[in-house]
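Reader: I am new to reading structures. Please take one part of this one and walk me through it closely.

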Amino acid sequence: MARVSWDQYFMNIAAVVASRSTCPRKYVGAVIVRDRTILSTGYNGSIRGMPHCSEEGHMMENDHCVATIHAEANAIIQAAKNGVMIDGGTIYVTASPCWNCFKQLANGGIRRIVYGEFYRDDRIFSIAARLGIELLNLPPEISPAPPAAPAGSVAPAGGG
């Protein structure tokens, strides 16, 4: 078996991170890396201490669940909470960033965005080119959806 590239390795990890997502509308995982070292991870989920969409339903506005913090934002927040600098890093994310997440990544100093599938907003392409941020489409080799629970099992309490 051939060894996977570094990009594919980190994208596959992002797909595993997505399995922790708690909003079933979109399972997204993100991994921030610099110098082939994982700095931070994030997945779509509710505010810490608040109920998850998977438990109590969605908070919908304009056909978008606003209860969920996006994977990219959670990865940035985790890095900040732990005092980890992400400037000059690469983010691997299973779906391309929305406009708000893209702006946060750009201001956080992310220089490269590797995404698994295109999601909603094509403004990121022209602005990334203007800013010198590389965008690369590279689908994960594994599914970002969480594994199905065995029949009769109960999901564990707690979470992200």
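**A close look at the helix pair and its surroundings**

Author: From the N terminus on, the elements of the chain run α-β-β-α-β-β-α-β-α-β-α-β. That gives 5 helices and 7 strands. Helices (H or I, at least four residues) and strands (E, at least two) are DSSP runs, numbered from the N terminus. This is a predicted model: local features need pLDDT of at least 70, side-chain atom pairs count only at pLDDT 80 or more, and totals for chains, interfaces and linings use all residues. Residues are numbered from 1 along each chain as its sequence is written, and side-chain values use heavy atoms, with hydrogens and water left out.

Now the helix pair. Two packed helices are described by the angle between their axes and the distance between the axes. Helix α4 (residues 99-107) packs with helix α5 (residues 123-131) at an angle of about 15°, and their axes are 10 Å apart. Axes are lines fitted to C-alpha atoms, for helices over the stretch in contact, and angles run from 0 to 180 degrees between N-to-C directions. So α4 is roughly parallel to α5 (angles under 35 degrees count as roughly parallel). Which residues of α4 and α5 make the contact? From α4 come Trp 99, Phe 102 and Ala 106. From α5 come Arg 123, Ile 124, Ile 127, Ala 128 and Leu 131. Contact means heavy atoms within 4.5 Å.

Next, the sheet. 5 strands form an open sheet in the order β2-β1-β5-β6-β7, with mixed pairing. Two strands pair if DSSP finds at least two bridges between them. The edge strands, β2 (37-43) and β7 (134-137), each pair on one side only. From one strand to the next, the twist averages 15°. Look at β1 (residues 29-34) and β5 (residues 90-93): they run antiparallel, joined by 4 bridges. There, Ala 30 stands opposite Val 93 in β5. Another helix, α3, lies across β1, β2 and β5 and runs at about 130° to β2.

Last, one residue. Thr 68 sits in the loop between β4 (64-65) and α3 (71-81). Is Thr 68 buried or exposed? Thr 68 counts as buried because its relative accessibility is 11%. Buried means under 20% relative accessible area, exposed over 50%, partly exposed in between (1.4 Å probe, protein chains only). Leaving aside neighbours within four places in sequence, Thr 68 is in contact with Cys 23, Asn 44, Gly 45 and Cys 53. Of the 160 residues of the chain, 42% count as buried.

Key. Angles under 35 degrees count as roughly parallel, over 145 as roughly antiparallel, 65 to 115 as roughly perpendicular and the rest as oblique.
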